[in-house]
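Student: Could you show me how to read the main features of this fold, beginning with the sheet?
Tutor: Let us take the structure and go through it feature by feature.

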Amino acid sequence: MNKARFITFEGVDGAGKSTGLEWFANALRERGVDLLVTREPGGTPLGEKLRELLLHESMHAETEAMLMFASRREHVEQVIRPALQRGTWVISDRFSDASFAYQGGGRGVPVAKLEQLEQWTHGDLQPDLTLLFDIPIEVARERLSSNASLDKFEREQGDFFNKVRQAYLARVAQTPDRYAVIRAEKSLQEVQQQLADILAGL
Ligand code: TYD
């Protein structure tokens with residue numbers, strides 16, 4: 001475990017990504033890894049302000065995409081790259097795959113435009129590993145409905161989340177080596193076992 005790694009967590013809302021992330025981060029810290037946990041949209045003071053807008057204001061899909069990448073640009077320069085350079089591992093709760101899934105798949109922003117933004121924002125930096133929490137949408141929706149205050153994305157209806165899920169899986173199909181797909185509909189214990197197996201392979 002020498003070189004600092006950049007690891008991202010992804011999945012549709014309600015997949016159990018946050019619980020899995022917490023477990024994984026604790027397990028890494030127990031192994032003595034110097035670790036920074038951060039999130040998107042957000043992760044910097046400006047990014048957190050953009051998060052407020054992104055999660056609560058309605059806007060054109062391409063405005064949304066550009067603001068996601070604007071927040072990310074700040075995050076990469078201020079937080080992610082400096083941490084990796086000083087040898088600190090970084091876990092980000094979402095990164096560019098979420099823009100391809102939600103703005104691309106969910107909202108229909110052309111992938112070619114998102115690829116341009118991605119190239120511009122972090123052309124020379126990709127996660128070393130992305131854990132995708134994949135789950136049938138009905139199960140994810142079931143888990144979300146017990147949660148009282150839903151943000152703009154979580155309130156989306158119908159086919160939106162199926163499109164988000166399919167766009168995530170399309171990203172995996174493109175560069176499978178970067179991803180570990182977690183079967184997130186399983187029990188908490190089984191999900192943790194999947195995470196432990198990934199950890200053992202790092
Ligand atoms: P999420 O990460 O699920 O945080 P919480 O657990 O606090 O709800 O919420 C962030 C939302 O932002 C999520 O619904 C996905 C969305 N999102 C995008 O649409 N595009 C992006 O590029 C990112 C990073 C997030």
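Tutor: Two strands pair if DSSP finds at least two bridges between them, and strands (E, at least two residues) and helices (H or I, at least four) are DSSP runs, numbered from the N terminus. This is a predicted model, in which local features need pLDDT of at least 70 and side-chain atom pairs count only at pLDDT 80 or more, while totals for chains, interfaces and linings use all residues. Residues are numbered from 1 along each chain as its sequence is written, and side-chain values use heavy atoms, with hydrogens and water left out.

Student: Which residue in β4 does E10 stand opposite?
Tutor: E10 faces L132 in β4, and the strands β1 (residues 6–11) and β4 run parallel, joined by 5 bridges.

Student: What is the strand order of the open sheet?
Tutor: The 5 strands are arranged as β2-β3-β1-β4-β5, with parallel pairing; β2 (35–39) and β5 (179–183) are the edge strands, each pairing on one side only. From one strand to the next, the twist averages 20°, where axes are lines fitted to C-alpha atoms, for helices over the stretch in contact, and angles run from 0 to 180 degrees between N-to-C directions.

Student: Which strands does α7 touch as it packs on the sheet?
Tutor: With contact meaning heavy atoms within 4.5 Å, α7 touches β1, β4 and β5, and its direction makes about 145° with that of β4.

Student: Is D134 buried or exposed?
Tutor: Buried means under 20% relative accessible area, exposed over 50%, and partly exposed in between (1.4 Å probe, protein chains only). D134, which lies in strand β4 (residues 129–134), is buried because its relative accessible area is 13%. Beyond its neighbours within four places in sequence, D134 contacts R165, L169, V181, I182, R183, A184 and E185.

Student: How many residues does the largest nonpolar core have?
Tutor: In soluble globular proteins, nonpolar side chains tend to be buried together. A nonpolar core is a set of buried Ala, Val, Leu, Ile, Met, Phe, Trp, Tyr and Cys residues joined through side-chain atoms within 4.5 Å. Here the largest one has 51 residues, with V12, F24, I91, Y102, L131 and F133 having the most contacts inside it; its largest share, 6 residues, comes from helix α7 (residues 160–174). A second, separate core of 7 residues includes F69, F100, L114 and L117.
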